[in-house]
Structure formats: C-alpha cells, structure tokens
Amino acid sequence: MKARITVLPGDGIGVEVTTAAVDVLQKVASRYGHEFEFNEALIGGIAIDKTGTALPDETLRQAEQSDAILLGAVGGYKWDNPSAPVRPEQGLLKIRKHFGLFANLRPVKTYPALAQYSPLRLDLLDGVDMLFVRELTGGIYFGSRQEQGDGDSAYDTELYTVPEVERIAHIAFRAAQGRRKKVSSVDKANVLASMRLWRKTVTKVHEDYADVQLDHVLVDSCAMHLITRPASFDVLVASNMFGDILSDEASVFAGSLGMLPSASLGAERIGLYEPVHGSAPDIAGQGKANPTGAILSAAMLLRYSLSLEAEAKAVEAAVEGVLDGGARTADISARGSSYLSTSEFAQAVKDKI
Ligand code: IPM
Ligand code: MN
C-alpha cells in the first residue's frame, strides 16, 4: 500500500528517536512491499524558534494531507519558562485538539529481560500487561482557565460532557473485548461532580458490553493498587489529567520510560503516534536515547492508521527479540556496561524484521 506519514521530530531526543522509527518503517516498507512517503514538519521549541509559534499552520496543512503523524517530543531548557506566552507544549495540545484525537492509548507491559531495571519487586511484575485509555481532548486540560486580576488567585475547570465520556468509554470496552475483558474506570466520584458524571456515564455505556467486567476505582486508591497489584489491571480508562499522571507511574513496570509507545486516535483514520517519554535535553544528541518507545509507536501507527496488523506484530516481535538477545540502550543497561547507541539499536531491530 501507499501511505503518507508526517514526521514531527520536535526537540531534544525527539529527533534521534523519530529517525530510528522512520528507519524501521522504511525497512517494513521494503520487506512487505509498501510505499511510505515521509514529510518532516515543525512542532515544539524548534517551531517557536523558526516561526514564533509551537504549531505552525504549515505543519497542520502537511499533517492534514497524510495518513498518520509520527511525533518525537517537545520542549527543552531553552523554552523552560512555564509563564512564557508561547511554549512548546502548546503544539502538542493544539495538534491533539485540531485532529480531534480524543483517545490516547498507552499500553504498558513488563519485559522479563528488563524486569531488573524496574524499582518494583520481581514477583509483582509477573504478568503485568495493561492498557491506559486516556481521554485526551477534554477535561481540565481544555477547561476555562484564568489568572485572576492581581495574580493572587487562578483557576482551571474540569468539565466533561456525557458524549465525551461515552466515546472514550466505548473505546475502552472495545479494547477490553480484545484483551482480558476487564475495565477499571478511574475517577474521584466521592469529591468531584465532573467525576460523578464520568462514573454514571461509564456505567451506562457498560450495559452494551455484558462480556466485560467493570470496576470503578478512585484515583488515589488506583495509584496505590497500581504498585501493589499491577498484574490485576487490564484496561484502565481515565480522564485527561488522571490518565496523564497514572500512565507515568505505570511506566516503571516496563523498566524504563523509554520503552513506552502511545497512539492518539479520533473518529477519522489519521492518528498521532509518539513515545510517552519527553525530549530529555540532558542526553540529547549523544546517541543515548532509547528508541523503543518511538519504534513501538510506529508499530501502533501501522496497526491503527494503516491497518497493517501483520507488519505491526513483526515490529513488536523484532523489538522483543532484540531485547531477549541482550541488546540494551543506555537507560536499560547496568552501570559501567556497554550499550548500543540509538541508531545501533534501531539497526538491530531492522535486522530482525
Ligand atoms: C504527555 C505529556 C503532555 C501532557 C504535556 C507535555 C503537555 O505529559 O503527553 O503525557 O500532559 O499531555
Ligand atoms: Mn504526561
């Protein structure tokens, strides 16, 4: 098949890891007889430097004409002022909203070969395999916000509508049907009105999915249970903010934040695929970045935007094979031992495809 992919490397290690992921996609194309066309565009700090905005219109126009978007990371020391009017993160929020990418899928699992790099006890990690379904275009991230007159108060509003909760709940239940048929819906219904609406709506949507088990978990207790019994979770569905926080917490199960991929999907075929990690300016440009999160995001791109399931599985199997074979990047190697550079690791994955 022919596909057009917009690549948004962004800042810091975003550049190295997207290069690695594109390399792997190119290998998939030649191995399976596809034609992928890659177009690079600007987002984040580099876009601010070159155009004055974190998401130039030109980037949106290019992305609109493509089947999928592969993103690296945004941000860095240079733009690290949270009160600046123009910030790299705005590019991310804006592109999610622009394409209506309301569903953020973040799979988290343990790799036996990497379990020793997790701070958790090995016996707890056994069988950990969960999927976060994070609402991505609503809630407090996009609620009304205001810094009050003289700067001595400020507020942000958590607002959810029934249709917003319904559509993310459907995604979670459908995902669970293809997995272990369990959904944990995260809320704070004991305190927040918006979360009572969340719970009521998820319960209603559940009526269509008799084969799936639903639990409601309060976010504070969920944060604890993730650590004490991670293997008991299958699909977790959460608001934008709670999903953001809990998915970072859960990254420790994979051994490194560098391992985790994500897909942001909406009603259309186009999706945005990015590693969960950030731009890591401290190691940028040194070949120390772990490209696994980006490469597995490329696998999700093949699966969800291009419907190339066999190719997606081939990439995932190649990553596992390479890890099982002992290949390591800096973040997942023992202190003082040798490790592969970002591009060497990508090459090893390509060789296995
Ligand atoms: C993420 C990030 C973003 C978010 C930031 C950079 C805006 O933390 O993708 O999880 O909070 O959504
Ligand atoms: Mn986050």
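**View 1. Strand E3 (68–73), helix H4 (88–98) and helix H9 (240–250) each give at least two residues to the lining of the largest pocket.** The model is predicted. H4 makes the largest contribution to this lining, with 5 residues.

**View 2. The centre of the largest pocket.** The volume of this pocket is about 880 Å³. Its lining numbers 33 residues. Nearest the centre are Glu 89, Leu 92, Leu 93, Arg 96 and Tyr 141. By class, the lining holds 15 nonpolar, 8 polar and 10 charged residues.

View 3. The lining of the second largest pocket comprises 17 nonpolar, 2 polar and 7 charged residues.

**View 4. Strands and helices around the second largest pocket.** Two strands, E4 (103–109) and E5 (129–135), each contribute at least two lining residues. So do helices H6 (162–177), H10 (292–304) and H11 (309–324). The largest share, 5 residues, belongs to E4.

**View 5. Domain contributions to the second largest pocket.** Domain 1 (1–106 + 255–353) provides at least three residues of this lining. Domain 2 (119–253) likewise provides at least three.

Conventions: Residues are numbered from 1 along each chain as its sequence is written. Chains are lettered from A and ligands numbered from 1 in the order in which they are written. This is a predicted model: local features need pLDDT of at least 70, side-chain atom pairs count only at pLDDT 80 or more; totals for chains, interfaces and linings use all residues. Side-chain values use heavy atoms; hydrogens and water are left out. On a 1 Å grid over the protein atoms alone, a cavity is a set of points where a 1.4 Å probe fits but cannot get out, and a pocket is an open set with protein on both sides within 12 Å along at least five of seven lines; lining residues have an atom within 4 Å of a point. Grid points are joined across faces, edges and corners, and a volume is the space filled by probe spheres set on the points. Helices (H or I, at least four residues) and strands (E, at least two) are DSSP runs, numbered from the N terminus. Ala, Val, Leu, Ile, Met, Phe, Trp, Tyr, Cys and Pro count as nonpolar, Asp, Glu, Lys and Arg as charged, and the others, Gly among them, as polar. Domain bounds come from an automatic or database domain assignment.
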